[in-house]
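Visitor: I would like to learn how to read a structure like this one. Please show it to me.

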Amino acid sequence: MRFILKPHRRSIRTKKRRKIYLNKKRKAKIGVATKLPQGERRRVKPYHNPYEDYDFVAKPPSDCRITTNRDRTIEFLNSIEMRRNVNDSVFVELNGVEYIDDETLVMLLAIMAEFHFLKIPINGSFPLRSAPKAKLVNSGFLKRLYPKFERYTFDHGDQIKTHGQHVYDSQRIATILKPLIIQVYGEERFCQGLHSLITEAMKNTITHADPHSERESYWWISASYDRGTSKATVTFLDYGVGIFESLRTIFPDSPGYSVLQKLWELGTSNAEILEKIMLGKTGRVSRTRIQKHGRGLPYMKTCLERGFVESLKVISNDVYADVSGDSYETMPHSFGGTIIQVSFSNNCLSHSVCL
Amino acid sequence: MEGIVISVAKDYSVYPGPRYRIQGKWSGEDFYHVMLRPKFLEALESKVNLIVKLDGVVGYGPSFLEESFGALAEEFGIASVMKTVKFESIMEPYLVEEINEYIKESSQRSTNEK
């Protein structure tokens, strides 16, 4: 007589089921038909390596964050961006990613949208680690990437809101910022400087982003709130040509032309030029030929000085500028576009809507 | 203070937009032609002040302010504008100085071009 304990009996059933499953899997791998009714019998496809369908496999660093691993992350994003220019299909292998931040997610989203618009195949795999995978899924990143829609909206609770558009829409910016402001201040408030800063960046995208492109320039916004630090971060991105590549097409009668020519002749780096522009030492600088243009970048610094935001960072071409920290660096890898990131907390200037 | 009063938020839009009409809604150019210029002319004719209340909007871009108030100075001259137009802002008092700067620059630019 055999005495079988209850848990052990369940274990035998589980083992039998697992054996049947593994057998089916083995047969599927080697392409053997499974036992299905006559009408439904079909050959199960053998294992297919997804990498073979794509011209290029992009592998990010394990720490895929602009804030902590800036150079490698930008190098990775550039490697994908370069493939777009030569119409190569790309597989983004995120398996090994252990950390990813909101800024990198929105940049990946922007790149994928560009690929989709140009009908170049792009796909990817999820990170194996649960935290970055959850971040990717919860951001709604993969929900819709159809270029025929005028705007891309991914909403998930109060974590990340990402919008892509190609028109100037002040009202939409206010709508995006409103829940963030309520989270930070606990009530609806006017943050005029914050709003103006973002809309100024948006206007620059529409006016300057890519003078040679036939397509409208899309801008992207990602807004997130960190409960730990009680700080909100808004990242504005456009994948145009970047500030300095855009300025290279400046006309002789554009504002700031002679100043820029002198600086370039002296071998001044883009980082130093951006510092001078931010401090207002160059006067108005604009690619257009209209003398009253060229206030956008210095105005962003003014918003910082007035206390509407706590931190302002600008990444464009080979420049990484932490304007709030007075640091302007040259990066080893150039980024084809412009990122403006601001963060604010309830210590920043704002006004009651009831005033 | 007596005169003609316009509130940007209540009479025009809470969401001031870009510089030009072609760039989007509620632009400085549109505000100038639809509201600011007609009211300024009315104030000139009636010989009263034009009081512009700036509060209650989500935020002004420099482009909006320059294209609207700067255009006023370009067309009517700095003296006329500074005499007639008065600004009120409790939330953003620095805006008054900023707008005055745009008016002066626009007037100077207009003089240089002539």
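Visitor: Which residues touch the most other members of the largest nonpolar core?

Guide: A nonpolar core is a set of buried Ala, Val, Leu, Ile, Met, Phe, Trp, Tyr and Cys residues joined through side-chain atoms within 4.5 Å. Buried means under 20% relative accessible area, exposed over 50%, partly exposed in between (1.4 Å probe, protein chains only). Here the largest core has 50 residues, and those touching the most other members are Val234(A), Leu274(A), Leu312(A), Val314(A) and Phe344(A). Apart from this core lies another, of 35 residues, including Trp220(A) and Tyr239(A).

Guide: Two notes on the source. This is a predicted model: local features need pLDDT of at least 70, side-chain atom pairs count only at pLDDT 80 or more, and totals for chains, interfaces and linings use all residues. Residues are numbered from 1 along each chain as its sequence is written, chains are lettered from A and ligands numbered from 1 in the order in which they are written, and side-chain values use heavy atoms, leaving out hydrogens and water.

Visitor: What is Val234(A) in contact with, leaving aside neighbours within four places in sequence?

Guide: Contact means heavy atoms within 4.5 Å. For Val234(A), the partners include Leu177(A), Ile198(A), Ser222(A) and Phe344(A).

Visitor: What is the strand order in the open sheet of chain B?

Guide: Strands (E, at least two residues) and helices (H or I, at least four) are DSSP runs, numbered from the N terminus. Two strands pair if DSSP finds at least two bridges between them. The order is β1-β2-β3, with parallel pairing. At the edges are β1 (3-7) and β3 (85-88) of chain B, each pairing on one side only. Between β1(B) and β2 (residues 49-53) of chain B there are five bridges.
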